[in-house]
Amino acid sequence: MTAASAIARDASAAGRANAETAAKSSSTAATRTSAADAATAATGTTTAASSSAAAAPVSLRGIGRAFASQSGDRQVLRDIDLEIAAGEIVAILGPSGCGKSTLLRIAGGLDQPTQGEALIDGEAVKPFDPRSAVGFQEPRLLPWRTIADNVALGLPRSTSRAAGREQVARLLDLVGLAEFAGHRPREVSGGMAQRTSLARALARNPAVLLLDEPFGALDALTRLKMQDLLLDVHAAEPATVLLVTHDVDEALQLADRVILLGHEPETPGAVVTQTIVVPGHRPRDRGSAELAELRARLLDGLGIDRHGSARGIETTTTIPHYPY
Amino acid sequence: MTDASHGPVITTGALVHESDAIRVAVNGATTSVAAGRGASVTPAPPAGPAGTGARRRLVDRRWFVIVGGAIIPVALLLTWQLVSTSGLVPVSMLPSPEMVWLAAVDLAQRGLLGLYVAISTQRVFIGFAIGAAFGLAVGALVGLSRLGDILLSPTLGAIRAVPSLAWVPLLILWFGIAEDSKIILIAIGAFFPVYTIVAAALRHVDPHLLEAGRAFGLRGFRLFTAVQLPAVVPSVISALRLALAQAWLFLVAAELIASSMGLGFLLVDSGNNGRIDRIFLAIILLAILGKLTDALVGLFERWAVRKWA
Ligand SMILES: Nc1ncnc2c1ncn2[C@@H]1O[C@H](COP(=O)(O)OP(=O)(O)OP(=O)(O)O)[C@@H](O)[C@H]1O
Ligand SMILES: [Mg+2]
């Protein structure tokens, strides 16, 4: 089943008029095609600019992070071990404040762990590692630059002016902001700012893409579109993606593997409480029964009553081989 | 007034302008802390999008702004005329506007008016340019580099605490009563507001934006031009405005004490000769020149804010 028809199902489930649903799903389908085109084209330019970075594996080994506070150190993360294969998409789930952003920042060299080490492609992560690009939880756009110039900030240094302009235009088209290229961040909505931020991270064309709740501020429909967009870009330009999200469905739709962060009783610091390998190839059927079971399991892990019991799904505690 | 320490002097500077003219927090939260130590600089309310499309209110209309601003000066002039001609106050205390006008014409015919205005303006501009340039450079050094901050802040803070008039005897001894000593004094006056505000603004650039800039590969000079500089432009401009007001303040201080030309000299000289009409003339000229030069910076500010903020 295509993503578009899955959206249609969601929409009708939400009780929308049939006509409207049809219109929406067809427009989504259109976006998908153009997104795929654009992503392919993007590959073209980036290879031309010879800045195409092959996806790189990421290793987090025994990562711990404690923050100094008035009452001594406060352990936020503890013993995080995670091997991410090149080109894999891993989603990180967990309750608010458990350290998801912190883990992502460590992987990108924006923060240093107090224990353990982070490696990209077998080499220690450098401060502000150029091999990775970050989509921050907040858009963090430069208010004095236009949307287009903000996206251009993400371009690799070696990009020529003309190629850069083309690439920015393409990315803006991809995230549906072509008309707003000349606007300032304060003139666009929160969701648009977030899409700009995503485009800026994509412009980097990195080996490792770190996205911190990239779709958090988007409405349901745009969110689905952007998820599909991310998958298209990933298919055309397979980076290793580490994606923080609050949304269980989003994690299941996008990721090869979902990592659940949480606290164990009586010990400080969040650890990986569950690792779930998501079956099937992307794009996945948003409504499949299999995903529904996983969803219930994840919600359970997040401490939310799943109103029923999930059976027959194994949780892997060891790290499986990729591809699964 | 002139011998107040530099902290309070910033306040004086702020009062010289209409408070709404000094805009520090143009980038909203990004630079609202910019005024940091010059805490007396009131952040203007966020300049709302001046109604494109929306119906324009009276206070947004250009003619009303001009007419409204002229009401009080015109009223003052009329009152002055009435009070001085009615004999309520003797003309030896309050000359009539006409007498002041005649004094101006008289001085102009002798070629002194233009000379005094020119020499004073020149001193202000040169002193302001030197002081502001140093203020920008040192402010950038202290605001951007932790080491610069550690090394320079305490010393500059102490020098800033020296009342401005305390410099005068020393400057005269070292540089004589020629141009140098005056220009140096004015430069000192212009330096501190710029240094203080720029350093504070750079120190408080939104760390989130800095981190984003670094994450996208900017560092050093590129980071400065792409993130830090644009973030502090509004603060820099209000600093320049304060510095310009300071420069006029210090000009008069310098010219009152030792000079043979300029508006400050005109003030002392007229005071000694009992020419109250010329005192009035000098004060009015200072007001007009101060306002004009400030308006010039205001124009620059409008341009810069449109471009950067
Ligand atoms: N720079 C810092 N200094 C001190 N404590 C910090 C710092 N950064 C994060 N923390 C603490 O680390 C914990 C985890 O923060 P983090 O931002 O990683 O959470 P999160 O899982 O991303 O939450 P959310 O889902 O709400 O974004 C929080 O309790 C926070 O207080
Ligand atoms: Mg977070």
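Q: Which side chain has an N or O atom 3.0 Å from an oxygen atom of ligand 1?
A: In this predicted model, the side chain belongs to His246(A). Two further side chains of chain A can be read in this way. An N or O atom in the side chain of Arg74(A) is 3.1 Å from an oxygen atom of ligand 1, and for Thr102(A) the distance from a polar side-chain atom to a ligand oxygen is 2.6 Å.

Q: Which of the 13 residues around ligand 1 come nearest?
A: They are Ser96(A), Lys100(A), Ser101(A), Thr102(A) and Gln137(A).

Q: How many helices and strands does chain A have?
A: Chain A has 9 helices and 10 strands. Its 324 residues include 52% that count as buried. Among its contacts with a separation of 6 or more, 69% are between residues 24 or more positions apart.

Q: What does the secondary structure of chain B come to?
A: Chain B has 11 helices and 0 strands. Of its 309 residues, 46% count as buried. For contacts between residues at least 6 apart in sequence, the share joining residues at least 24 apart is 73% in chain B.

Q: How many salt bridges does the rule find across the interface of chain A and chain B?
A: In general, side chains of opposite charge can pair when their charged atoms come close. Across this interface the rule finds 2 salt bridges. Glu211(B) lies in helix H8 of chain B and Arg105(A) in helix H3 of chain A, so the pair joins two chains.

Q: Are Glu211(B) and Arg105(A) buried or partly exposed?
A: Glu211(B) is buried, because its relative accessible area of 12% falls under the 20% limit. Arg105(A), at 24%, counts as partly exposed.

Q: Where do salt bridges within chain A lie?
A: One of them is formed by Arg223(A) and Asp247(A), with the closest N and O atoms 2.9 Å apart. Arg223(A) is in helix H7 and Asp247(A) in the loop between strand E8 and helix H8 of chain A, so the pair ties together parts 24 residues apart in sequence. Arg223(A) counts as buried at 18% relative accessibility. Elsewhere, salt bridges that share partners join Arg105(A), Glu138(A), Arg140(A) and Glu211(B) into one network.

Q: What is the phi of Arg140(A)?
A: The general rule is that most residues other than glycine have a negative phi. Arg140(A), although not a glycine, has a positive phi of about 50°. Arg140(A) lies in the loop between strand E6 and helix H4 of chain A, and counts as buried at 9% relative accessibility. Asp121(A) also has a positive phi, near 55°, and is found in the loop between strand E4 and strand E5 of chain A.

Notes
Residues are numbered from 1 along each chain as its sequence is written. Chains are lettered from A and ligands numbered from 1 in the order in which they are written. This is a predicted model: local features need pLDDT of at least 70, side-chain atom pairs count only at pLDDT 80 or more; totals for chains, interfaces and linings use all residues. Side-chain values use heavy atoms; hydrogens and water are left out. A salt bridge is a side-chain nitrogen of Lys or Arg within 4 Å of a carboxyl oxygen of Asp or Glu. Helices (H or I, at least four residues) and strands (E, at least two) are DSSP runs, numbered from the N terminus. Buried means under 20% relative accessible area, exposed over 50%, partly exposed in between (1.4 Å probe, protein chains only). A residue is near a molecule or strand if one of its heavy atoms lies within 4 Å of it. A polar contact is a pair of N or O atoms within 3.5 Å; within protein, one must be able to donate a hydrogen and the other to accept it, and residues adjacent in sequence count only if both atoms are side-chain atoms. Contact means heavy atoms within 4.5 Å.
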